[in-house]
Amino acid sequence: IKLADTAKVTAPACAVFSNSLATDGFIAKDNSILTSDYNCSAGGVQGAAKNFTTQPTTDCRQVEDPRAARGIPAPAPCTFTNKVVSNFITILTPGVYCGGIDIKDNANVLFKEGTYVIKDGELKSSLRGISAGKGVTFVFVGEGSRFAFDNTTRISFSAPETGPYAGILFYQDPATVNTTTFEISSEKAGKLLGTIYLPNGIFKVHASNPIGKESAYTVIVARKLDIGKEAELFINADYASTSVPVPEGVGPMGKGNARLSN
């Protein structure tokens with residue numbers, strides 16, 4: 001876990017865990033601030049008292065990956081290949097998007113409810129693209145598959161209420177070998193309601209505006225969490241205010257909703 005510059009993680013009713021055994025497995029430096037109810041590192045902590053509202057505990061027991069056994073959808077042929085959306089208002093439907101989805105040039109995209117498999121490519125938004133979807137899950141399959149939302153874009157997503165991916169918003173295939181960076185730098189990303197599961201991913205937030213503030217809850221399970229510049233990531237825990245369920249093993253079942261798996 002790494003916070004730097006003037007970055008903030010605001011998670012007042014949550015616990016934050018680092019499974020890393022390294023002496024720098026939990027870092028908060030410069031003028032960054034982690035606001036949370038409980039912090040626990042399996043290894044060491046680097047940071048001053050001013051960087052934490054609750055001082056971290058060290059030498060903690062590592063937390064097991066709560067979603068490792070879920071797996072991914074059965075292999076299916078490509079529904080779309082190298083999908084590009086530019087300059088239009090477009091409705092996309094669930095399916096297998098081989099080569100990814102590229103949203104750009106002021107495109108406005110609505111994702112219909114369902115599961116989107118991003119295979120061997122990126123879910124990418126740039127040049128003032130706008131993306132929104134309710135009841136959606138994005139599954140990333142293949143080395144290098146990821147999401148990347150640049151600082152000109154706007155996004156708003158919530159996970160499904162029912163079905164095999166209920167409560168899951170972003171899901172990286174646990175079999176992914178190489179570490180991949182998933183990045184949000186959006187100028188507006190107020191709603192990320194659900195679980196962000198990136199077992200071998202770096203979740204990088206370097207946005208200039210608050211991220212996730214409008215979400216009833218957000219759960220994060222990632223290889224690394226990198227919050228920098230003036231970013232502020234909100235991790236809310238108002239589980240009772242939404243019909244989007246909290247997956248078993250995280251959230252209130254696991255003492256808090258911000259988890260980092262090494």
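Predicted model: local features only at pLDDT ≥ 70, side-chain atom pairs only at ≥ 80, totals over all residues.
Biologist: Is Asn39 buried or exposed, and what is its relative accessible area?

Modeller: Residues are numbered from 1 along each chain as its sequence is written, and side-chain values use heavy atoms, with hydrogens and water left out. With a 1.4 Å probe and protein chains only, buried means under 20% relative accessible area, exposed means over 50%, and partly exposed is in between. Asn39 is therefore buried, with a relative accessible area of 0%.

Biologist: Which side chain is joined to that of Asn39 by a polar contact?

Modeller: Asn39 lies in strand S4, residues 33-41 (a strand is a DSSP run of E with at least two residues, numbered from the N terminus). Leaving aside neighbours within four places in sequence, Asn39 is in contact (heavy atoms within 4.5 Å) with residues including Val16, Phe26, Phe52 and Pro56. A polar contact is a pair of N or O atoms within 3.5 Å, where within protein one must be able to donate a hydrogen and the other to accept it, and residues adjacent in sequence count only if both atoms are side-chain atoms. At 2.5 Å, such a contact joins the side chain of Asn39 to that of Ser36.

Biologist: Which residue's backbone nitrogen does the side chain of Ser20 reach?

Modeller: Ser20 lies in the loop between strand S2 (8-18) and strand S3 (26-28), and its relative accessibility is 14%, so Ser20 counts as buried. At 3.2 Å, its side chain reaches the backbone nitrogen of Ala22.

Biologist: How far is the backbone nitrogen of Val244 from a polar atom of the side chain of Thr242?

Modeller: Thr242 lies in the loop between strand S19 (232-234) and strand S20 (258-260). Not counting residues up to four places away in sequence, Thr242 touches Leu193, Ala216 and Tyr217; Leu193 is 49 residues apart from Thr242 along the chain, and their C-alpha atoms are separated by 9.1 Å. From a polar atom of the Thr242 side chain to the backbone nitrogen of Val244, the distance is 3.1 Å.

Biologist: What separation lies between the C-alpha atoms of Ala231 and Ala7?

Modeller: Ala231 is placed in the loop between strand S18 (218-227) and S19, and at 1% relative accessibility it counts as buried. Leaving aside its neighbours within four places in sequence, its contacts include Thr6, Ala7, Lys8 and Val205. Although Ala231 and Ala7 are 224 residues apart along the chain, their C-alpha atoms are separated by 4.8 Å.

Biologist: Which residues lie nearest the centre of the second largest pocket?

Modeller: A pocket is found on a 1 Å grid over the protein atoms alone, as an open set of points where a 1.4 Å probe fits, with protein on both sides within 12 Å along at least five of seven lines, and lining residues have an atom within 4 Å of a point. The second largest pocket holds about 160 Å³ of space, a volume being the space filled by probe spheres set on the grid points, which are joined across faces, edges and corners. Of the 14 residues that line this pocket, those nearest its centre are Lys134, Gly135, Ser158, Ala159 and Glu161.

Biologist: Which strand gives the most to the lining of the second largest pocket?

Modeller: Strand S11 (130-134), strand S14 (154-158) and strand S17 (188-205) each supply at least two residues of this lining. With three residues, the strand that gives the most is S14.

Notes:
Helix = DSSP H or I, 4+ residues; strand = E, 2+ residues; numbered from the N terminus.
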